[in-house]
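My entries follow, in the order I made them.

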Amino acid sequence: MTTIRQRRVGKGTEAAEDQPSEEKNVKPDGKILSDDTGGKLWNILSVTIGGIVAISLGLLTSVYVATLHENDLWFSNIKEVEREISFRTECGLYYSYYKEMIQAASIQQGLHGLVYDNKTESVRTINILERMNVYQEVFLSILYRILPIQQYLEPVYFYIYTLFGLQAVYVIALYVTSWLLSGTWLSGLLAACWYITNRIDTTRVEFTIPLRENWALPFFAVQIAAITYLLRTHLQPVQERLTLMVVFIATFLFSLTWQFNQFMMLIQALALFILDCFDMLPTVKVMWLYIIQISGLLLVCVLQFFNSMILGSLLLSFNASVLIARTIQKNLKKGGLVNRLGKLILHVLLVLCLTLLINKFIKKILNLESDEHIFKFLKAKFGFGATRDFDANLYLCEEAFGLLPLNTFSRLSDTLLFYVYLFVLFLMTVAAIIVAFWNLSGSNQVQFMEKMEECTITLKPDAAYNLIHTVLFGCLALSTMRMKYLWTSHMCVFASFGLCSTEIWKLTLRCIHLYTSRRVHVIKYSIPIITLLYISYKFWPGIMDELSELREFYDPDTVELMNWIKSNTPNTAVFAGSMQLLAGVKLCTGRTLTNHPHYEDKNLRERTKQIYQIYAKRSPEDVYRILRSFGTDYVILEDSICYERRHSRGCRLRDLLDIANGHIMDGLGENEPDLKPSLYPRFCEEIKKNLPSYTVHFTRVFQNKTFHVYKLAKHK
């Protein structure tokens with residue numbers, strides 16, 4: 001079990017292009033510039049300072065997380081095997097392909113090894129580039145080989161520094177998005193500071209470096225910034241084309257680097273669909289964004305050797321359905337309130353039916369079942385019937401896939417982020433509801449427009465998109481804790497935008513009859529500055545203490561296991577065990593695996609369930625037969641799984657296996673009435689007694705406090 005122990009030491013602002021005329025060419029001190037030349041010079045100076053601040057904050061964030069990683073593990077001082085073990089679970093699996101490419105005799109041989117891989121899944125040859133999103137590892141390994149840096153930088157440092165460097169891109173993208181929305185780089189500064197001070201809830205890059213989301217989320221943030229700029233009014237055609245190109249590149253890179261990209265972009269497509277239905281976004285731009293999503297995903301599909309999971313994604317079916325429905329219903333946005341509502345309901349039903357039909361047709365043609373475990377999990381999670389499905393329960397019992405813990409909100413409130421976010425969200429939501437009603441009613445009454453003038457100002461297309469984006473991803477985060485990083489980072493953007501927004505403060509002051517232009521101007525700068533001072537005062541000492549705390553990596557049992565495997569087993573040996581541990585076995589020793597943590601394949605899921613019978617109540621003959629069917633030479637048993645206490649009864653791995661096998665669970669508590677007692681004791685416990693029925697098939701060859709390794713007999 002991996003642990004960490006204590007180390008033993010040997011102001012300015014720029015005018016937005018569509019800000020109200022009364023705010024143009026105004027300095028933070030309230031003085032109006034004498035002429036257009038002065039205003040332009042001030043804007044250039046402000047943009048320059050804002051850009052320098054953005055880049056500086058991005059680089060500081062990279063250095064900050066890199067330092068935390070070094071201080072936590074003493075990464076520069078530990079052995080190579082310890083560094084590799086620190087890439088836990090699926091992180092180790094992904095990094096192993098980077099290592100494989102680096103160690104290959106040539107780039108061509110390395111690529112051939114990935115396309116025709118027979119070490120990741122025993123007795124099977126699979127295409128890693130088709131099954132997994134590892135093009136980033138391929139690209140980095142090629143870059144490392146061709147650059148003259150081998151003498152100065154180890155491969156592992158080139159890899160982790162690239163990931164930490166992407167954090168700079170991430171923070172800069174968040175900064176720019178907030179700046180674009182509010183019209184002042186002070187908003188971007190506040191967003192970046194909130195991102196850093198809420199690091200526990202905004203990123204986990206320092207301890208899960210190779211995780212796919214750490215590659216993908218910076219590109220997703222760039223895409224959101226580009227969409228925010230695209231949705232501004234009065235863009236020149238050249239600006240639109242360049243922005244669309246940036247959106248496409250960011251969408252493509254996001255899709256290429258994360259297997260769950262399709263689900264995130266489906267939520268994004270839903271946001272665009274909702275806003276388009278209520279006439280809050282330009283339809284032409286929305287259609288372009290749909291097309292970009294489709295084309296980016298299809299390009300990734302080609303690069304992944306026509307991965308069937310991509311072709312059968314709901315995103316492609318939904319976007320195609322929307323484009324077809326819009327072609328059929330050309331007069332969707334004409335008529336009165338009742339007429340528009342009727343057309344809208346019909347449009348939604350048409351899109352929904354087309355999506356389901358197209359998706360079902362594609363999955364039927366391709367015989368696609370790769371993502372069925374996700375839908376089983378969602379069905380069980382949201383109460384559409386209990387399930388005994390092993391894969392679904394495996395997800396349901398993991399804390400990361402549970403509801404967002406309430407203590408998350410207390411941490412976010414400590415930095416004032418959550419309070420500000422709720423304030424801005426409430427005002428923007430009220431404005432959105434009013435504007436949506438006004439758009440649907442098509443009212444031309446001057447009096448009504450005058451009453452709603454402040455609401456329409458606060459809900460420009462870019463702000464409307466970010467509002468729906470944060471609401472939908474907020475719902476995702478609340479339902480699934482692992483997805484909170486998509487929401488909390490955007491929460492920083494949204495809250496900082498609202499706190500620095502002219503429209504938000506104008507609306508607020510008008511509601512309490514205190515509005516003046518100068519008062520708005522003073523508040524929109526003074527409140528963010530006070531907030532920044534508060535954050536600095538409260539959290540700067542803690543950050544300094546965190547950076548000064550020195551620890552070191554400590555996992556002697558796993559290190560001993562990996563060293564034993566490398567020294568005492570043949571290179572062709574096949575190992576069975578838990579998914580998480582086997583990823584480390586592949587990375588540290590290069591041995592062949594029976595199963596691994598990349599779970600997006602039906603055959604692998606069925607194989608993993610069979611391998612996990614080593615923790616179930618099965619006979620030694622059954623377990624031996626199962627393991628040998630996958631070519632297993634050695635099986636690794638972990639006490640932390642066999643005697644697990646981390647989960648409650650019903651969620652321990654052995655309980656999930658018992659339920660799936662129809663057996664009564666161990667311990668006090670209720671069992672479903674149709675479960676029966678097993679005829680056999682639990683394999684992982686009974687094998688340690690060295691009974692003849694077990695020793696005829698299994699011989700213990702290694703043991704420490706955590707792991708037990710057994711060699712399988714090779715009967716004829």
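**Entry 1: ground rules and a network.** I count a salt bridge when a side-chain nitrogen of Lys or Arg is within 4 Å of a carboxyl oxygen of Asp or Glu. With that rule I looked up Lys617, Arg654, Asp658, Asp666 and Arg682, which are linked in a network of salt bridges. I am working on a predicted model, in which local features need pLDDT of at least 70, side-chain atom pairs count only at pLDDT 80 or more, and totals for chains, interfaces and linings use all residues. Residues are numbered from 1 along each chain as its sequence is written, and side-chain values use heavy atoms, with hydrogens and water left out.

**Entry 2: salt bridges elsewhere.** My search of the whole structure gave 35 salt bridges. I looked up Arg212 and Glu137, whose side chains meet at 2.6 Å, N to O. Arg212 sits in helix H10 (residues 212-230) and Glu137 in helix H6 (residues 135-146), 75 residues apart; I take helices (H or I, at least four residues) and strands (E, at least two) as DSSP runs, numbered from the N terminus. Buried or exposed, what is Arg212? Arg212 is buried, with a relative accessible area of 2%, and Glu137 is buried at 1%. My cut-offs are under 20% relative accessible area for buried, over 50% for exposed and partly exposed in between (1.4 Å probe, protein chains only).

I also noted Glu213 and Arg204, which form a salt bridge at 3.1 Å, N to O. Both Glu213 and Arg204 are buried.

Next I checked Asp633 and Lys714, a salt bridge at 3.6 Å, N to O. Asp633 lies in the loop between helix H30 (620-629) and strand E5 (634-638), and Lys714 in the segment after strand E7 (707-712), so the pair ties together parts that are 81 residues apart in sequence. Asp633 counts as buried at 12% relative accessibility, whereas Lys714 is exposed at 61%.

**Entry 3: two domains.** I have domain 1 (163-547) and domain 2 (556-712), with bounds that come from an automatic or database domain assignment. Their centres, taken over C-alpha atoms, are 42 Å apart. How many residues of domain 1 are in contact with domain 2? I find 15 residues of domain 1 in contact with 21 residues of domain 2, contact meaning heavy atoms within 4.5 Å.

The two domains bury about 1,600 Å² between them, 57% of it on carbon and sulfur atoms. Buried area here is the accessible area (1.4 Å probe) that two parts lose on being put together, summed over both. In domain 1, Arg388, Phe390 and Cys397 lose the most area to domain 2, together 45% of what that side buries.

I count 2 salt bridges between the domains. I also looked up Glu398 and Arg646, a salt bridge whose closest N and O atoms are 3.6 Å apart. Helix H17 (372-381) and helix H18 (390-396) each supply at least two residues of the domain 1 side. H18 gives the largest share of that side, 5 residues.

**Entry 4: covered helices.** In helix H32 (residues 653-661), 7 of the 9 residues are buried, among them Arg654 and Asp658. The buried residues of H32 pack against H18, helix H29 (602-611) and helix H31 (639-642). Just after H32, Gly662 takes a positive phi of about 80 degrees.

Helix H28 (residues 579-589) has 10 of its 11 residues buried, including Lys586.
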